[in-house]
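These are my notebook entries on one protein model. I looked up its secondary structure, its sheets, its helix packing and its backbone exceptions.

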Amino acid sequence: MKVAIVGMGVAGSYLAARLSAKNSWEIHAFDGLSRPDSRCAWGGSKYELSKLASQVGLDYSKYIFFEGKNLKVIFEDAHEIDIPLVGLTTFDKNGFEEDLEQVARKNGVAVHRGASVTLKDLSGFDVVFDATGVYRNVLPKLKNDMIFPNLEYRVEYGGSPPFRDFTVFPYHGLGGYGWFFPLREGEAHVGGGDRFHRQKQYVELFMRKYGGVPKKTIARPVRMLPPSMCEPIALEGNNHQVVGVGESIGCVFPLLGEGIIPSLQSVDVLMDSFSGCKVDVESYRRGLRKKFFYFEPIFRAIIAKWKGNWAAAKAVPGLIPSFIKVKAMEKRFGFQIRLTDLVEIFNST
Ligand SMILES: Cc1cc2nc3c(=O)[nH]c(=O)nc-3n(C[C@H](O)[C@H](O)[C@H](O)COP(=O)(O)OP(=O)(O)OC[C@H]3O[C@@H](n4cnc5c(N)ncnc54)[C@H](O)[C@@H]3O)c2cc1C
């Protein structure tokens, strides 16, 4: 049996590590980049990331750069709210992906770096996984896709960063937000994503106001559609399957553009539906809907807010029941989940 994994970002490298641990199939993994170079702010909950990393024998604590205590939300009229954090960290995502890749290589996966491939290059494989992230380069493109432009700098501050903890700046109309994510001492990711494409203007304003030396520029969009709106999540031919994981099939929490944990979780869901070198696609689809039950209501609430209809946003079917369940998942998210904060964010933007 031959398996191809296209994309060795966080979803693809974790999938390669997990699949190769138990199976003796011939597994090939491809990535266009010569080494991991994660275009992301590297934020996520240490509790959930520790659980996921331990599935492949890695110790998440080794990758942590910074653990926050308080998330400050600063609105455009300068009023602020504080959200207590429950294990929200930034971490060395490139190092984590390198180690996932090493686990896979040790288990016999053939990793082809600097290799951008398409489905045409992969005849002869029984299963092809699309782990190409927002670009979805293997599965068919989505007709009504929604992707959000982002701009981010890795910034050095010397001894005096402008903020000491996680800080975010929601933009008018909830069109997006800016962020300051501390990394190692004196270093942070400063970025912004905005559906009105004002991210450059906002990020440059931040840089002029607070200084710092940009060391790296990252510009890449993020997908907003939940998995239920990213069909097809799989294609089935007579002799082979093509199956998506991670951001390629919308595993990104729409309110925050948070995709690391959902992308890893999608691999766990996939593993539950994969046996005999075949994915039970219906079971995978059900698993994704169950795992990410809260994505679609929040997505619909954001769309209602964008249309200027906050009353409709509050009335989105499933929003309140989802919120009640999500409240029990603070360690998954890395912060306290309070209805008052959500309402404040929707009301004040
Ligand atoms: C600016 C920014 C900041 C973000 N910050 C955070 C954050 O702080 N926390 C969080 O949880 N999420 C964040 N996200 C979202 C998160 O980065 C992604 O959702 C997540 O990394 C998706 O993982 P993935 O493995 O599915 O895709 P990716 O990480 O994008 O990996 C896809 C891989 O596929 C490769 N590839 C693509 N096409 C081909 C091809 N044809 N052949 C071979 N290889 C190919 C690419 O080179 C890449 O390595 C951020 C996103 C952006 C844009």
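How many helices and strands does the protein have? I counted 11 helices and 20 strands. Helices (H or I, at least four residues) and strands (E, at least two) are DSSP runs, numbered from the N terminus.

**Entry 1. Basis.** I noted that this is a predicted model, in which local features need pLDDT of at least 70 and side-chain atom pairs count only at pLDDT 80 or more, while totals for chains, interfaces and linings use all residues. Residues are numbered from 1 along each chain as its sequence is written.

**Entry 2. Overall dimensions.** I looked up the extent of the C-alpha trace, which spans about 60 × 45 × 35 Å along the principal axes of the protein. The radius of gyration is 20 Å, which agrees with the value near 20 Å that a compact globule of 349 residues would have. That radius is taken over C-alpha atoms, and the globule rule is 2.2 Å times the number of residues to the power 0.38.

**Entry 3. The six-stranded sheet.** I traced an open sheet of six strands in the order β8-β2-β1-β9-β18-β17, with mixed pairing. Two strands pair if DSSP finds at least two bridges between them. Strands of a sheet pair through backbone hydrogen bonds, either parallel or antiparallel. The edges are β8 (110-113) and β17 (234-236); each has a single partner strand, so one side of each is left without a neighbour in the sheet. Direction ignored, neighbouring strands of this sheet are turned by 15° against each other on average. Axes are lines fitted to C-alpha atoms, for helices over the stretch in contact, and angles run from 0 to 180 degrees between N-to-C directions.

Within this sheet I checked strand β1 (residues 2-6) and strand β9 (residues 127-130), which run parallel and are joined by four bridges. I5 stands opposite F129 in β9. Helix α1 packs on the sheet, where it touches β1, β2 (26-31) and β9, and its direction makes about 170° with that of β2. Residues are in contact here if their C-beta atoms, placed from the backbone, lie within 7 Å.

**Entry 4. Helix α1 and its helical partners.** I took helix α3 (residues 93-106) next: its axis and that of helix α1 (residues 10-22) come within 8 Å and cross at roughly 30°. That makes α1 roughly parallel to α3. The cut-offs are under 35 degrees for roughly parallel, over 145 for roughly antiparallel, 65 to 115 for roughly perpendicular and the rest for oblique. The α1 and α3 crossing is left-handed. A crossing is left-handed if the near helix is turned anticlockwise from the far one by less than a right angle, and right-handed if clockwise. By class, the contact of α1 with α3 has seven nonpolar, two polar and two charged residues. Ala, Val, Leu, Ile, Met, Phe, Trp, Tyr, Cys and Pro count as nonpolar, Asp, Glu, Lys and Arg as charged, and the others, Gly among them, as polar.

I then looked at α1 against α5, whose axes are 9 Å apart at an angle of about 35°. Here the crossing is right-handed. V10, A11, Y14, L15 and R18 of α1 make the contact with I260, S263, L264, S266, V267 and M271 of α5. Eight nonpolar, two polar and one charged residues make up this contact.

**Entry 5. Helices α5 and α6.** Which residues of α5 meet α6? I listed Q265, S266, V269, L270 and D272 in α5, which meet Y284, G287, L288 and K291 in α6. Four of the residues in this contact are nonpolar, three polar and two charged. The axes of α5 (residues 260-272) and α6 (residues 281-291) come within 9 Å and cross at roughly 140°. That makes α5 oblique to α6.

**Entry 6. The three-stranded sheet.** I found three strands in an open sheet, in the order β3-β7-β4, with antiparallel pairing. β3 (43-45) and β4 (64-67) stand at the edges. Neighbouring strands are turned by 40° against each other on average, direction ignored. Three bridges join β4 to strand β7 (residues 88-91), and F91 in β7 is the bridge partner of I64. Helix α2 (residues 46-54) packs on this sheet and touches β3, β4 and β7.

**Entry 7. Backbone exceptions.** Most residues other than glycine have a negative phi, and most peptide bonds are trans. I recorded a cis peptide bond between E231 and P232, with omega about 0°; P232 is in the loop between β16 (222-223) and β17. W42, a residue other than glycine, has a positive phi near 65° and is in the loop between β2 and β3.

Methods. Contact = placed C-beta atoms within 7 Å.
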